[in-house]
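Hi there,

Here is the structure I promised to pass on. Have a look at it first, and my notes follow below.

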Amino acid sequence: MELNLQPLNLPSDQERAFIIAGPCSAETEEQVMTTAKQLAGKGCHIFRAGVWKPRTKPGGFEGHGEPALPWLARVKQETGMLVATEVATPKHVELALKHGVDILWIGARTTANPFAVQELADALKGTDATVLIKNPVNPDLELWIGALLRINGAGISKLGAIHRGFSSYEKKLYRNEPMWQIPIELKRRFPQLPVVCDPSHISGRRDLIASLCQEALDMGLDGLMVESHCNPDKAWSDASQQVTPDVLDFIVSRLVFRDKTEHADKLKDYRHEIDELDDEIIELLAKRMKVSRNIGEYKKEVGMTVVQTRRYSEILDKRGAQGSLLGIGRECIKNIFENIHEESVRQQMEIFNK
Ligand code: PEP
Ligand code: MN
């Protein structure tokens, strides 16, 4: 299925990538205005703040709801920034649009629920809203695409995605594992879909934000959503992952924005070279399989088993070592040879069963 998309036309940071910044939650009018003015002073064009906050457990700050929406309207009026907030119910959609919120985003917990997403889609029908959809909390690309299709199916074509990482039971370095292959596959399937990275919710830690921002840009993602608060340590939600507007400005000033359009000719040459190498790899693999089948015939004739584990371990060890000498990760070589071996075994089994 395809997405019917229009460009988002969001103001970007010096034509490089668009950056959405602002606090996790709109806490007080003063906190919102102070943060917004500082961000605007640093050249930020799009302000985020959660007005309805989905909390894992009850008891945390769940947002002020509607009374905080006029604060966002004030941000727009006084700074000229566009404003964005999370919506999770049809009522949120109605109220946010009524108060002139420019960008609505659907949070990770909501994306995971097709009933909730469909209700949002129905509420958005007939509006001209710009909607960004965060990935679901679980690493399920199809569920993410499903949400995009539902919202797009309601006629919303100013649509984008936000990569905020995926939760795992085991807590590792990141709060939410980036699993870059998922947003990259999303971009491969829908090249026109803008994908924004949210390093704050991926990392859960402010010291990891800069490197994640760079990684996202290097992977060809189109923008960033970073949580920024005038007094991060005192934030009512997600304190450990927020940075001041000053720090954010420093992070952005150090980012290398890769040019996606220039140097196309050089890239074409390199890709041609890669294509030729890939041809050779496949031809070599086919030759190797032919030898494997010959071995299969022989094993069958003399009554040997298909898999000889000692030989298999020898291949993995030897090729792993060779790979790492040539600068290829041992694990990568191991995976490649495991796959090759699996196919060899399958082909030999065919011979055995003939
Ligand atoms: C947020 O952006 O503050 C938020 C709640 O994010 P997520 O839905 O990614 O957890
Ligand atoms: Mn947050």
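A definition to start with: helices (H or I, at least four residues) and strands (E, at least two) are DSSP runs, numbered from the N terminus. With that numbering, Met-179 sits in the loop that links strand S6 (158–163) to helix H7 (181–189). Please keep in mind that this is a predicted model.

Most residues other than glycine have a negative phi. Met-179 is partly exposed, at 29% relative accessible area. Asn-9 is another non-glycine residue with a positive phi, here about 55 degrees. Asn-9 belongs to the segment before strand S1 (18–22), and with a relative accessible area of 69% it is exposed.

Now for the ligand. The residues surrounding ligand 1 include Cys-24, Glu-86, Trp-105, Lys-134, His-201 and Glu-227. By type, the shell divides into seven charged, three nonpolar and two polar residues. Which polar side-chain atoms lie 2.8 Å from an oxygen atom of ligand 1? One belongs to Arg-48 and another to Lys-53. For Arg-164, the distance from a polar side-chain atom to a ligand 1 oxygen is 2.6 Å. Ligand 1 taken alone exposes 300 Å², and the protein buries 97% of that.

Finally, the surface: Ile-281, Ile-282 and Leu-285 make up a nonpolar patch there, with about 270 Å² of accessible area together. Ile-281 is located in helix H11 (residues 264–302) and counts as partly exposed, at 47% relative accessibility.

Best wishes

Methods. Residues are numbered from 1 along each chain as its sequence is written. Chains are lettered from A and ligands numbered from 1 in the order in which they are written. This is a predicted model: local features need pLDDT of at least 70, side-chain atom pairs count only at pLDDT 80 or more; totals for chains, interfaces and linings use all residues. Side-chain values use heavy atoms; hydrogens and water are left out. A residue is near a molecule or strand if one of its heavy atoms lies within 4 Å of it. A polar contact is a pair of N or O atoms within 3.5 Å; within protein, one must be able to donate a hydrogen and the other to accept it, and residues adjacent in sequence count only if both atoms are side-chain atoms. Accessible areas come from the Shrake-Rupley method with a 1.4 Å probe; for residues, only the protein chains shown count as cover. Ala, Val, Leu, Ile, Met, Phe, Trp, Tyr, Cys and Pro count as nonpolar, Asp, Glu, Lys and Arg as charged, and the others, Gly among them, as polar. Patches are made of residues with over 30% relative accessible area and no salt bridge: like charges are joined within 9 Å, nonpolar side chains (Val, Leu, Ile, Met, Phe, Trp, Tyr) within 5 Å. A salt bridge is a side-chain nitrogen of Lys or Arg within 4 Å of a carboxyl oxygen of Asp or Glu. Buried means under 20% relative accessible area, exposed over 50%, partly exposed in between (1.4 Å probe, protein chains only).
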